[in-house]
Amino acid sequence: MTGSARFWDRVARKYAARPVGDPEAYHATLERTKAHLKADQRVLEVGCGTGTTALILAPATGHLTATDVSGEMIAIAREKLSAGDPGNVAFEQAELTPSGLPAGPFDAVLAFNLLHLVEDLPAALQALRGRLVPGGLLISKTVCLGGWRALLLWPLIAAMRLFGKAPHVAFLKPAEMDRMVAEAGFEIIETGFYPVRSASRFIVARKA
């Protein structure tokens, strides 16, 4: 088990009990995502957490496979599934690596509030690209804490990590995130911030 999996296993129940921080921004993200999905598509979500987003988006897809590195997160997601199964969702524990992800191929890959937590982002983006059909979409929302935010937050997060209270966090700028997605072999077709004037960069990119 990786350090990331252990961290998220430990905080899973507390994480599941937290309400959505900004419901308006969350629903805006979902609506923009749905606009790019079709009812006959196979979709993969990585970093699905406790499965709430997967269960909401599933009716807009043909089948949605949702994965997370944390077994505890997946256990909670399956509890939710047993309470209301849309019939086209599967939850799996999986690493975001070429050998760890479900085989696919998929028409779209979703990664919400995840990519800034990945230690090797270029490798992760390549792994996601490898699961897509030609022309398939990567839809992501990433907290970009680079620039002045990093000056404020890095000492706090570094101290929290020292005591096991925070995961790895990459301090990316939005333009840097866009560049890394493009360098991984994607054509960016939509960007935005949800909420507006925030650090949460929404990107839709097509496999080139």
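Is C144 buried or exposed?

1. **Cysteines.** C144 is buried, at a relative accessible area of 1%. Buried means under 20% relative accessible area, exposed over 50%, and partly exposed in between (1.4 Å probe, protein chains only). C48 is buried too, at 7%. The disulfide count is zero, where a disulfide is a pair of cysteine sulfur atoms within 2.5 Å. In general, a disulfide is a covalent bond between the sulfur atoms of two cysteines.

2. **Basis of the values.** This is a predicted model, with residues numbered from 1 along each chain as its sequence is written. Local features need pLDDT of at least 70, side-chain atom pairs count only at pLDDT 80 or more, totals for chains, interfaces and linings use all residues, and side-chain values use heavy atoms, with hydrogens and water left out.

3. **Helices α5 and α7.** Helix α5 covers residues 121-130 and helix α7 covers residues 174-183. Helices (H or I, at least four residues) and strands (E, at least two) are DSSP runs, numbered from the N terminus. The two helices pack at an angle of about 50 degrees, with axes 9 Å apart. That makes α5 oblique to α7. Axes are lines fitted to C-alpha atoms, for helices over the stretch in contact, and angles run from 0 to 180 degrees between N-to-C directions. Under 35 degrees counts as roughly parallel, over 145 as roughly antiparallel, 65 to 115 as roughly perpendicular, and the rest as oblique.

4. **Residues between α5 and α7.** From α5 come L121, P122, L125 and Q126. From α7 come M177, M180, V181 and E183. By class, this contact has six nonpolar, one polar and one charged residues. Contact means heavy atoms within 4.5 Å. Ala, Val, Leu, Ile, Met, Phe, Trp, Tyr, Cys and Pro count as nonpolar, Asp, Glu, Lys and Arg as charged, and the others, Gly among them, as polar.

5. **Helices α1 and α4.** Helix α1 (residues 3-17) and helix α4 (residues 71-83) cross at roughly 35 degrees. Their axes come within 7 Å. On the α1 side, the contact uses W8, D9, A12, R13, Y15 and A16. On the α4 side, G71, E72, M73, I76 and E79 take part. The class tally for α1 with α4 is six nonpolar, one polar and four charged residues.

6. **Cis peptide bonds.** Check the bond from G104 to P105: this peptide is cis, with omega about 5 degrees. P105 sits in the loop between β3 (89-93) and β4 (106-112). G104 is in the loop between β3 and β4, and is partly exposed at 27% relative accessibility. From G104 to P19 the C-alpha distance is 32 Å, across 85 residues of sequence. A cis bond also joins Y194 to P195, with omega near 5 degrees. P195 belongs to the loop between β6 (186-193) and β7 (200-207).

7. **Positive phi.** Most residues other than glycine have a negative phi, and most peptide bonds are trans. N113 is not a glycine, yet its phi is positive, about 55 degrees. N113 lies in the loop between β4 and α5 and is partly exposed, at 42% relative accessibility. R197 likewise has a positive phi, near 60 degrees. R197 is in the loop between β6 and β7. At 77% relative accessibility, R197 is exposed.

8. **T65.** T65 is in strand β2 (residues 63-68). T65 is buried, at 6% relative accessibility. Beyond its neighbours within four places in sequence, T65 contacts V43, L44, E45, A90, E92, P102 and F106. T65 and S200 are 135 residues apart along the chain, with their C-alpha atoms 24 Å apart.

9. **H168.** Which loop holds H168? H168 lies between α6 (148-162) and α7. H168 is partly exposed, at 21% relative accessibility. The C-alpha atoms of H168 and T52 are 23 Å apart, with 116 residues of separation along the chain.
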